Amino acid sequence: MVDVDEGKSTSLSVCFDSKVFDPFAIDSDARFIFKKYQLVWAMAFAIVEINKNPDLLHNLTVGFDIYEVELTSWSTFKNPFIWLFGKYEIPNFSCMRDSRSIAVLTRPSAITLDQIGTLLELYRFPQFTFGRFDHALNDHHKFPALYQMAPKDTSIATVMVYLLLHFIWNWVGLFTSQDENGSWVLAELKEEMVRNRVYVAYELPVLVRSLAGTSCFSTMKHRAHMDGDVIIAGFFPLNTLGKDHSKSEDSRQEEHTPIFKNYQFVLALVFAVEEINKNPVLLHNMTLGLDIYDVEFRAWTMLKNPFIWLFGKYKIPNYSCMRDRRSTAVLTGPSGITSNQIGTLLGLYRFPQFSFGPFDHALSDHNTFPALYQMAPKDTSMAIAIVSLLFHFNWNWVGLLTSQDENGSWFLAELKEQMAKTKVCVAYELVVSTQDLSYLFRVMAVYNKINNSSASVLIIYGDKDSLISIIMSLEQILMQGKVCVMNLQWDFTMKTRYFMLGSLHVPLVFTQHHVDVSGFTDFVKAVNPPKYPEDIFLARLWFLSFNCSDAESDCVIWDNCPPDTSLDWLPGHIFDMTMSVYSYNIYKTVYAVAQALHEMLLLQTEVHTMGNRKGRVPSPAQLHLFLKNIQYYNPAGDQVIWDEKRKLEPEYDILNIWNFPEGLELAVKVGKFSPYALHGNQLSLSEDLLEWAIGTTETPHSICSESCGPGFRKSRQEEKATCCFDCTPCPENEIANVTDVEQCVKCPDYQYANTERNQCLLKAASFLAFGDPLGMALACMALCFSMLTVVVLGVFVKHKDSAIVKANHQTLSYILLISLIFCFLCSLLFLGHPNTVTCILQQITFGVVFTVAVSTVLAKTVTVVLAFKATSPGRRMRWLLVSGAANFIILICTLIQVTLCGLWLGTSPPFVDTDAYSEHGHIIILCNKGSITAFYCVLGYLGSLALASFTVAFLARNLPDTFNEAKFLTFSMLVFCSVWLTFLPVYHSAKGKAMVAVEIFSILASSAGLLGCIFVPKCYNILLVPNKISPYGFRDKRHSRRNMQSYE
């Protein structure tokens, strides 16, 4: 009870149900329906809102009392009595003198409204119903104080017919409830259909009825029986179809909802038995029969019917009252719990037991269950099949919900192994024990884990007995937007009807594939109670489904049932006409038993006579020898191999459960998985048949992190699964042209990465060409300086007789000018597309020509020194000056440089090379020095000559003479050395074409320095101030003339 007293004046009361009967629970504990708690909040919200309203109920507040109401007869009135009188044991005597209640709200159920309304009418209490409009409650004489808040469905028939006309449907069936509401809608609908020419194909008013009070069923044995020489027994969970509620203690409680789907097990067994009995090849002169019993899930009652079948009574175990028992084999299932408990009993008597449910690892222990055979193959490919589905939809972030048993542990290990191979991660892992199901907090913990996770896919593996309760509980509290991948088709026939627009989750079910059995559907259509009078389950199904009469005689002749009724009249979610995988396992089992019996009888023909029928009934224990090695093809063409080591791997059908409109529960095959297909083609799926959750049109996503597109790589997040990552751009010159790469791929040397880092592009060949602006500028400079040098040479040749030309040793000047011309021109070798010849000529020509130029400067400097040292005739200095010894300096220095260049070419000559890194998007073609050591030796030798020339010239700079050029030589060598000393660091820091340009510029700059510093002043004196040219100095004329002659 919820008691909230907001004021002191008045209150409202409300009664609604907050529990639902759980037919699967072992105990009687009920489970809360959380969604209905919204009714409490709606009422509380309205009352709080009214109490805050200043315009309503001045100085008066409204409160409320809320009670739970149950559906069983007496307890429906229990809480209303407590509310009215204070106690429920003394009606009509009020112990609540201060009651301030003025109105009552009751739940949507018409049954509750009727019963409580009858009570409240006695006291004229205003009663408000917030359920849908009910015609039975519209009688104001019977319910003068009752008000229905919902409007009457006056337009429902018109709306339905409009829908039919929209789709051009004019041939429809009618399926309505047999009550006042159904009758009213039926009349309105028929009138509207006639007006719009829509016709009725069939009309089926259905009332799910109670079996209590139908005494004729009590005269029938609670089994399905077919006589035969050999009997096959079956224990199936048929639930209410096998109960006699007239004697049951449950008759005082709410009736179970009948489960008709499981009756297909009975029909599969009957169909196989009749097919074998008609087969002339199998079991000559022997027929098969059957005994089928209901089995319940409670501990003792689960063994009740097996005891009756074994001993005739269940109160005296191990004492047989059935002397003529002809049973040979027993079928149990589909629950592993049922097979386990019954198998413990049957194992004592070596009775062959066949479990037709899913493969159960707990039952595969032959020491514990020596007489048990499992018809279903082991789910060896289930994990691969599920992971293939995940891979198909790119689902790599999933939750796991398994049962805490041997099957769940085995499957969990297999699934995790396959998930690791395909990089699918586990978002959460829930292992549920059946002992935890009665605790509400456990259900809520599972619910929070599932709904709060970003994973949209939930893989469920287990049997219905261990997981059905928690799955139904999770559905009730709205497991929204999840894709449930399950290992078997859950039967949700008994779930509460709480969805308005269909399921909010998507079930994808993996079931073992089986071939179609021809004739089964036609057989089911022809089944009726008169055809099988000893089948109480069929009789009860007929009575509950087709509104048959309650007369006792009707249990035999069925006169008062609708004519031509058939099981295919029932909706697909109530009874499925297509053979299920469990029914197919039953079909296979019957043929396996018949095949084993047939082989055993062939061996017994020499021992038993044809007329001795009793002697021909085989012993159940003898059947084991023939069952273990059995191998055959059944009529459906399916190969059956009994040896577990030789059993074929199962194929799987993928089913999608369509539940729109709500309650449809239509299983649609949308795909198949075959382990025998080629890798990559094992999974076939028809995505156009898939129905996702209501309101969803796109395929759901279930990923921890969004995929990293091209140009990015995955960067794993710390302390998280491998599927959770960040996307990091690829480094320089690396690409990722597919999604979700862990490492970017480096582009080859001849390619480079584009800006998006998703493609490698070919690099363009690049070199310092004549057409480049820089190359063109350098070439022009080289040519200009060369022409300028030629002009200077022409000036010196023209004025060769002038004193200044003669005074500065004109031969050395000519050699220097010619070498400078070649120095300027050798820079052109560095421009254009490099090849082997140009690469060799670049360095050799540069080294030799510059050596000639610098050695010439050295010779001129030495000549100046010798000229001023030879002051008296006959001295050695004069002899050196006159003999032209300075000219040998050029020859010797040049030969040394040529020797170095020869060694360079002989050991490691320059060659054509490429530079793929200096300039983005380009491959620079350049000349590799070959030997850096040789290059620096040539350069170092050249520098030593320049340093020697600079030193000598610097020492002779102050020698007195009008034509002393030592100062100019000193300055020229200073410029030369400065250029090449600057060249070294700049050359090392430059890359690609810049490095070539630096070398060319250094050649031009140093050559121009020599030309400018040595010859520009002389040209100035020759051309512009010729009058200043005089052979006289600060010495006497004679002495000066003698020196000049000696210098010449």
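**A walk through the predicted model**

Residues are numbered from 1 along each chain as its sequence is written, and side-chain values use heavy atoms, with hydrogens and water left out.

Glu180 has 46% relative accessibility and counts as partly exposed; buried means under 20% relative accessible area, exposed over 50%, and partly exposed in between (1.4 Å probe, protein chains only). His135 is 45 residues from Glu180 along the chain, yet their C-alpha atoms are separated by 6.2 Å. In the loop between α5 and β10 (199-206) you will find Arg197. Arg197 is exposed, at 65% relative accessibility, and its phi is near 60°, a positive value in a residue other than glycine.

Another loop, between α1 (38-51) and β5 (62-68), holds Leu57. Here too phi is positive, near 50°, and Leu57 is partly exposed at 39% relative accessibility. For a cis peptide bond, look from Gly333 to Pro334, where omega is near -5°. Pro334 sits in the loop between β14 (327-332) and α8 (336-347).

Now for the aromatic rings. Rings of Phe, Tyr and Trp (its six-membered ring) pair if their centres lie within 6.5 Å; planes under 30 degrees apart count as stacked, over 60 as edge-to-face and the rest as tilted. This rule gives 30 aromatic pairs. In one of them, the ring centres of Phe271 and Phe523 are 5.3 Å apart and the planes are at 50°, so the pair is tilted. Because Phe271 lies in helix α6 (residues 263-277) and Phe523 in helix α13 (residues 520-526), the pair ties together parts that are 252 residues apart in sequence. Phe271 is buried, with a relative accessible area of 8%, and Phe523 is buried at 9% relative accessibility.

One aromatic cluster includes Phe846, Trp904, Phe935 and Tyr987. Over the ring of Phe935 sits the charged end of Lys929, 5.3 Å from the ring centre; this requires NZ of Lys or CZ of Arg within 6 Å of the ring centre and within 35 degrees of the ring normal. Phe935 is also among the buried residues of α25, as are Leu942 and Ala953.

Technical notes: Predicted model: local features only at pLDDT ≥ 70, side-chain atom pairs only at ≥ 80, totals over all residues. Helix = DSSP H or I, 4+ residues; strand = E, 2+ residues; numbered from the N terminus.
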